[in-house]
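Here is a short briefing for a reader who is meeting this structure for the first time. Please look over the sequence and the model before reading on.

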Amino acid sequence: MEVMKFFATTDYDGKSDKYDPHLDTDELEGIYCYELQYPTAFQQHCGYSLKTIGKQMFMRPGTQCGFLLQMEQGVDLKTLPKVTSVYFRHNLVVSEEIFRKSKNGEEYFATDILQMA
């Protein structure tokens, strides 16, 4: 949940390659949650399947606890039976607190051996 909150309440600047707290408090945002149902969570479904990219031997994907929902072209994420949506309005104080608690995002961007290659 902490990783999800960080990415939901920050903005990425590609030029500086860094994240900052989201400042616009008027925007309504949505998070789409894919429910992990065992034992079928990682099985191939009609047009989509869940893949693991986190919790592996490399530091960065492990700290981000990442997964990938691989979908065929034309599959609509919002219509999948295991997907629910949660909407929220940004709050500057909350965004800054989440950013601070993650040590400005450093917790989720560990130095990775793949960067050294």
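Ser49 has its place in strand S4, which covers residues 48–52; helices (H or I, at least four residues) and strands (E, at least two) are DSSP runs, numbered from the N terminus. This is a predicted model, in which local features need pLDDT of at least 70, side-chain atom pairs count only at pLDDT 80 or more, and totals for chains, interfaces and linings use all residues. Residues are numbered from 1 along each chain as its sequence is written, and side-chain values use heavy atoms, with hydrogens and water left out.

Single residues
- Ser49 is buried, with a relative accessible area of 3%, where buried means under 20% relative accessible area (1.4 Å probe, protein chains only).
- Not counting residues up to four places away in sequence, Ser49 touches Gln43, Gln44, Leu68, Leu69 and Gln70, a contact being heavy atoms within 4.5 Å.
- Ala110, in the loop between helix H3 (92–101) and helix H4 (113–116), is buried too, with a relative accessible area of 18%.

Nonpolar cores
- The largest nonpolar core has six residues, namely Tyr34, Tyr48, Leu50, Leu69, Leu80 and Val83; such a core is a set of buried Ala, Val, Leu, Ile, Met, Phe, Trp, Tyr and Cys residues joined through side-chain atoms within 4.5 Å.
- Apart from it lies another core of five residues, among them Val3, Ile98, Phe99 and Tyr108.

Whole chain
- The secondary structure comes to four helices and six strands, and 27% of the 117 residues count as buried.

Conventions
Buried < 20%, exposed > 50% of the residue type's maximum accessible area, 1.4 Å probe, protein only.
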